[in-house]
Amino acid sequence: MSERETWDVAVVGGGVIGLACAFELARRRRRVVVIERHQPGSHASRIAAGLLSTIGLPLGEDDDLFPLKLDSLRRYPQFIAKVESIGRQSSGFRTDGTLWVARTAEDDQQLDQLNEKRTSLRLLSRRVTAREVASFEPQLAPGAVSGLLIEEDVQVDPRRLLSTLEQGCQAVRAKIATSQEVTGGEYEESAQAWNLSLRATASNERLDDLLAKDVVITAGPWCDEIIDSASESAAPLSPTGVGPVKGQLLRMRGPALIERVIQTTNIALAQRRDGELIIASTKEPEAGWDLTPTDDARESLLQRGTEILPALSGLDLEEHSVGLRPSTDDHLPVIGPAGREGLWIATGHYRHGVLLAGSTAHWLAEAMESGGVPEILKPYGIERLGQSQKSLEAAR
Ligand SMILES: Cc1cc2nc3c(=O)[nH]c(=O)nc-3n(C[C@H](O)[C@H](O)[C@H](O)COP(=O)(O)OP(=O)(O)OC[C@H]3O[C@@H](n4cnc5c(N)ncnc54)[C@H](O)[C@@H]3O)c2cc1C
């Protein structure tokens, strides 16, 4: 048998969460390997729109996530500065804010409520008139009733961020092993480490196992496959129940049309400095693992987009993208210890993985260093999803 390579940390899954965790842990001088089934950012992370905000419409949707979202948004400039200075690339970070646009009396009321909620949480935002909406963003369709300007919202280009994180990982000597998947794991008491079995996804060849003192599972909606494969019958691990929520989004390209992120109650638009314009997005929980782009979704996104930004009809459609948002039953992430010595998890970031990447990496690294769960992560522990654990125990 060949000698197994030994690492401080193996991160399983090279999406935005896995790369951010690997970067942070390697920066803290741990020897880190990322194992990625395909290429880094092959799934939801490269599809995401990259809109980063704490609270929007509909109200009440993510209330339980607010503390972590706020922490993430406040931490973002620092996170980007760190990644860009080490990764030596730009991530397309823009700080021009979000302009919510009301086009009906009902929208107008909803913006009032959003503004009130933000004020009650001490978040800044400003109601603006129809005339101001037109002067801020002259390309928008006439007919706005009012707007809400949120200057603290930011945006990033997830594809650039992924590439910068990859460069950053290399610069801090984290290895990224691509086209390899983890097919099983077992804790070896004698080595005080996890033995991970690997397979090459291109050739199906079984690769040498590797040893890691800590394993961080960041495999998006596929996390339970790894948890299952690492479960011994004597001590089953608790699955998270994380699964996919399909989302479709359009990428257009053309001359600069908008500065800020534009939000209405039914569509979001954002334009990168290089001309890429995003029309986001659908949410299709009933679609399961399906990755097919549909004509209906394309037509509906284009129609809703041109309603608010008519000049969109003159832009080229560059890509119709589909991604699977990793979601738990309560739509909250799972971040922290995974119920066994040296096993950690970070998944279920659902609609906010790009926003939450920096704070997930920071707080998970803090937990791994201190051995305790930081206060901010306590609502997102795996124990809350304990129903599955109970049924596993009952089945034994
Ligand atoms: C249409 C759409 C729009 C979105 N817009 C936004 C937005 O504006 N803002 C925001 O913050 N978020 C947004 N999101 C959500 C965001 O994309 C996700 O929350 C985030 O990408 C999840 O990242 P992840 O790293 O957990 O998962 P993933 O990106 O799914 O990465 C998981 C990785 O694990 C790998 N893997 C799986 N199994 C194994 C295995 N056994 N061995 C090795 N590797 C494995 C996969 O190949 C994959 O690369 C959007 C998502 C979609 C679909």
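**Contacts, domains and backbone**

Guide: Start with Arg-30: leaving aside its neighbours within four places in sequence, Arg-30 is in contact with Asp-8, Val-9, Leu-25, Asp-214 and Met-368. Keep in mind that the model is predicted.

Visitor: Where is Arg-30 found?

Guide: Two elements of the chain are on either side of Arg-30, namely helix H1 (16-27) and strand S2 (32-35). Arg-30 is found in the loop between H1 and S2.

Visitor: What distance separates the C-alpha atoms of Arg-30 and Val-9?

Guide: Val-9 is among the residues that Arg-30 contacts. Along the chain the two are 21 residues apart. Their C-alpha atoms are separated by 7.0 Å.

Visitor: How is the protein chain divided into domains?

Guide: Domain 1 is made of the pieces 5-46 + 160-241 + 329-395. The other two are domain 2 (98-151) and domain 3 (243-325).

Visitor: How many residues does the contact take from domain 2 and from domain 3?

Guide: The centres of domain 2 and domain 3, taken over C-alpha atoms, are separated by 21 Å. The contact takes 13 residues from domain 2 and, from domain 3, 14 residues.

Visitor: How far apart are the closest N and O atoms of Arg-260 and Glu-137?

Guide: The rule finds one salt bridge across the interface of domain 2 and domain 3. A salt bridge needs a side-chain nitrogen of Lys or Arg within 4 Å of a carboxyl oxygen of Asp or Glu. Arg-260 forms a salt bridge with Glu-137, and the closest N and O atoms are 2.9 Å apart.

Visitor: Which element gives the most to the side of domain 2 that touches domain 3?

Guide: Strand S4 (98-102) and helix H4 (105-120) each supply at least two residues of that side. By class, the side has seven nonpolar, three polar and three charged residues. The element that gives the most, with four residues, is S4.

Visitor: Why is the pair of Tyr-76 and Phe-93 stacked?

Guide: The structure holds four aromatic pairs. In this pair the ring centres are 6.0 Å apart. Planes under 30 degrees apart count as stacked. The planes of Tyr-76 and Phe-93 are at 25°, so the pair is stacked.

Visitor: Which parts of the chain does the pair link?

Guide: Tyr-76 and Phe-93 are 17 residues apart. Tyr-76 is in helix H3 (residues 66-87), and Phe-93 is in the loop between H3 and S4.

Visitor: Where does Pro-58 lie?

Guide: The peptide bond from Leu-57 to Pro-58 is cis, with omega near -5°. Pro-58 lies in the loop between strand S3 (51-52) and H3.

Visitor: What is omega for the peptide bond from Ala-280 to Ser-281?

Guide: Ser-281 has its place in the loop between strand S15 (276-280) and helix H8 (295-308). The peptide bond from Ala-280 to Ser-281 is cis, with omega near -15°.

Conventions: Residues numbered from 1 in each chain as written. Predicted model: local features only at pLDDT ≥ 70, side-chain atom pairs only at ≥ 80, totals over all residues. Heavy atoms only, no water. Domains from an automatic or database assignment. Contact = heavy atoms within 4.5 Å. Nonpolar A, V, L, I, M, F, W, Y, C, P; charged D, E, K, R; others polar. Phe/Tyr/Trp six-rings, centres within 6.5 Å; stacked < 30°, edge-to-face > 60°.
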